[in-house]
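The following account is intended to be read beside the model. Please keep the sequence and the coordinates in view while reading.

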Amino acid sequence: MKKTDLHELRKDPLLGRWVAVLNQSKSPSEYGQYALDADKEENCIFCAGKEKDTPGEICSIPKSGTGHNPHEWWTRVIPNFNPIFRVEGELGRKGEGMYDKMNSIGANEIIIESPEHSVRPEDIGLDQMVRVIMTYKDRMVDLEKDHRLRYTLIYKNSGRKAGADFSHPISHLASTPVIPKRVKEELDGAKQYYAYKERCIFCDIVREELRTATRVITETRYFVAFCPFASKFPFETSIIPKRHNCAFQDIRTDEIEDLALILSVILKKLRASLTNLPFNYFIHSAPNRIPRKNHWHTLGDDFHWHLEIMPRLLNTSGFEWSSGFYILPTSPEDAAKHLREV
Ligand SMILES: [Zn+2]
Ligand SMILES: [Zn+2]
Ligand SMILES: [Zn+2]
């Protein structure tokens, strides 16, 4: 792709939401087509042994004692082969009439979670889950250094209905030159709560959930997993660290081990309760902490990183799209009770 072929980011002037407009428009007939062949194990380029077929490796955790054998790794990170956001180039912010746009500068990476093709996320094993989370942390630490990037999202799509294109276990990373709207809403909400109460809303939620315990699924030394009081989706689960910290990349090694444990337990419980559940999970951390005058100056106190798991059991209807109002066929209390007992 040439520099002039960068995708374009456009801002909705009413809602302040950014969208990415791809530079090569799909025709109507191209929708709904899916290259199933690329997903078969024999054609999968994420499997061990196919390292030469992927774009150049960004980093990896090699298996120890294997020398520098490029086929022996635990996790690998590669650039996305169809990136929406690209590292090279200028932001090129400009107006077009009343509208705002810029180039889609950023990063799009694929985190290969395992050399094995068919391992399910809940069966990946504790040691491997620790390595996956360590890889997430390493990438966040690295990308935070690029001052053009405002936000890094790490997310996982599991199952076609949740947007997964491949059956090989992978996570995605997207670094954007703007703070995504959904994240900004959380940052603003947390900031307002802090301004009023002088306490972190997430620390308060952790205390309240542990006190009432009706929505708690499980807790470990450093984390609590619960179904949020006003969840959007049935069986939605939040995992929040008990220690206040705004940035995921500040996580300590003992906390990584604990997060791997609680995440594996929750994914196993969801799997045991809901057959072939499609889901997404993602990490909400603080934006890149670039000093900006009079803005986010209480960020370190008012925001608190967390992981959210969104089961994709329902299709979104016109009501949710038009109103942002969600209907929960299972209460968070009943969902938590079920997941505790399974
Ligand atoms: Zn594979
Ligand atoms: Zn907190
Ligand atoms: Zn969140």
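The paragraphs below treat the domains, a strand and its partners, a helix, and a single residue.

This is a predicted model, in which local features need pLDDT of at least 70 and side-chain atom pairs count only at pLDDT 80 or more, whereas totals for chains, interfaces and linings use all residues. Residues are numbered from 1 along each chain as its sequence is written, and chains are lettered from A and ligands numbered from 1 in the order in which they are written.

The protein chain is divided into domain 1 (33-93 + 103-176) and domain 2 (181-341); such bounds come from an automatic or database domain assignment. The centres of the two domains, taken over C-alpha atoms, are 23 Å apart. Domain 1 and domain 2 each bring 26 residues to the contact, two residues being in contact if their C-beta atoms, placed from the backbone, lie within 7 Å. On the side of domain 1 that touches domain 2, α1 (126-143) and β8 (151-158) each supply at least two residues. The most come from α1, which gives nine.

Helices (H or I, at least four residues) and strands (E, at least two) are DSSP runs, numbered from the N terminus. In strand β12 (residues 237-241), five of the five residues are buried, a term that requires 20 or more other C-beta atoms within 10 Å of the residue's own, with C-beta atoms placed from the backbone. In a regular strand the side chains alternate between the two faces of the sheet. Accordingly, Thr237, Ile239 and Pro241 point one way from β12, and Ser238 and Ile240 the other way.

Strands pair if DSSP finds at least two bridges between them. Strand β11 (residues 223-226) pairs with β12 in the antiparallel sense over four bridges, and Val224 stands opposite Ile240. Strand β14 (residues 306-311) also pairs with β12 in the antiparallel sense, over three bridges; there, Leu307 stands opposite Ile239.

Helix α2 (residues 181-197) has 17 residues and reaches 24 Å from its first C-alpha to its last, close to the expected 24 Å, which is 1.5 Å times one less than the number of residues. Just after α2, Glu198 takes a positive phi of about 60°.

Finally, Leu6 lies in the segment before β1 (8-11). Leu6 is buried because 20 other C-beta atoms lie within 10 Å. Leaving aside neighbours within four places in sequence, Leu6 is in contact with Arg86, Gly89, Asn103 and Ser104.

Methods
Buried ≥ 20, exposed ≤ 12 C-beta atoms within 10 Å, placed from the backbone.
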